[in-house]
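Here are my notes on this one, jotted down while going through the model. Have a look at the structure first, then read on.

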Amino acid sequence: MNVFVIGANGQIGKQLVERLHEEGKHQVTAMVRKQEQLDDFTSKGYQAVLGDLEGDVSSLEQAMSGMDVIVFAAGSGGSTGADKTLLIDLDGAAKSIEAAKNGNVKQFVMVSALKAEDRSAWPEEMKPYYVAKHHADRLLEESGLTYTIVRPGALTDDAGTGKVKTGDVSTGEIPRADVAAFLAHLIGHDAAHNQAIDLVKGDTAIEDTL
Ligand SMILES: NC(=O)c1ccc[n+]([C@@H]2O[C@H](COP(=O)([O-])OP(=O)(O)OC[C@H]3O[C@@H](n4cnc5c(N)ncnc54)[C@H](OP(=O)(O)O)[C@@H]3O)[C@@H](O)[C@H]2O)c1
């Protein structure tokens with residue numbers, strides 16, 4: 001399948017692109033927003049296109065033309081304010097969903113966050129972030145697209161373990177490497193269709209999930 005990774009220059013996105021490229025089961029295209037990032041990806045032999053989540057839907061639609069699976073792994077990050085959270089995490093996701101609906105996308109995978117569905121669990125200082133994640137997820141669920149929402153716990157840069165816990169999770173953390181491995185595993189997997197999956201570190205081998 002043709003897999004399109006939005007946020008491909010990010011810490012999860014990069015590991016996902018590398019993994020999909022190495023596995024060779026799918027054709028992966030990285031969406032990045034700067035020319036030097038594009039040059040970096042293409043110099044490694046990866047397919048890449050320029051795209052900006054602050055741009056319009058039609059340019060995103062053009063960038064994802066011919067893609068079967070979209071993975072949204074972008075985010076405004078912790079160093080910007082609520083304005084960018086609104087523009088990237090919420091409206092960037094909304095525009096990506098809209099663009100995917102106009103194409104022939106078979107699965108839209110959203111990297112969300114643990115507890116995004118549960119307002120009562122949102123810490124006061126993180127509310128704008130959770131509001132963005134919550135409504136991006138709901139837009140996707142209501143879009144008519146075949147979706148998979150992955151809700152990881154707190155992300156770490158620890159080495160990947162290849163093992164996770166899914167389902168009935170209230171708190172926890174997970175290495176970004178394991179999130180990338182789990183995303184690669186669920187792409188094109190029927191059991192992941194129209195599911196929202198909580199994800200933290202655990203004891204189950206990723207290939208035994210779903
Ligand atoms: N931190 C946590 O504990 C936590 C927990 C659960 C879920 N999450 C979610 O996990 C996801 C990935 O996390 P991560 O650590 O891999 O994030 P990250 O390293 O901050 O990567 C985010 C990527 O989004 C890209 N981006 C930002 N604005 C963009 C725009 N206008 N157009 C196109 N791309 C844009 C960034 O591009 P540049 O490289 O150009 O800056 C970056 O590559 C995020 O959605 C985050 O909310 C995080």
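1. Strands S8 (residues 163-166) and S11 (residues 204-205) run antiparallel and are joined by two bridges. Within that pairing, Val164 has Thr204 of S11 as its bridge partner. Strands here are DSSP E runs of at least two residues, helices are H or I runs of at least four, and both are numbered from the N terminus; a pair needs at least two DSSP bridges.

2. S8 also pairs with strand S10 (residues 195-201), antiparallel again, over three bridges.

3. A word on provenance: the model is predicted, with local features needing pLDDT of at least 70 and side-chain atom pairs pLDDT 80 or more, while totals for chains, interfaces and linings use all residues. Numbering starts from 1 along each chain as its sequence is written.

4. Leu155 sits in S7. Leu155 counts as partly exposed because 17 other C-beta atoms lie within 10 Å (20 or more would be buried, 12 or fewer exposed, with C-beta atoms placed from the backbone). Leaving out residues up to four places away in sequence, Leu155 touches Ile174, Arg176 and Val179 (contact: backbone-placed C-beta atoms within 7 Å).

Definitions and conventions: Contact = placed C-beta atoms within 7 Å.
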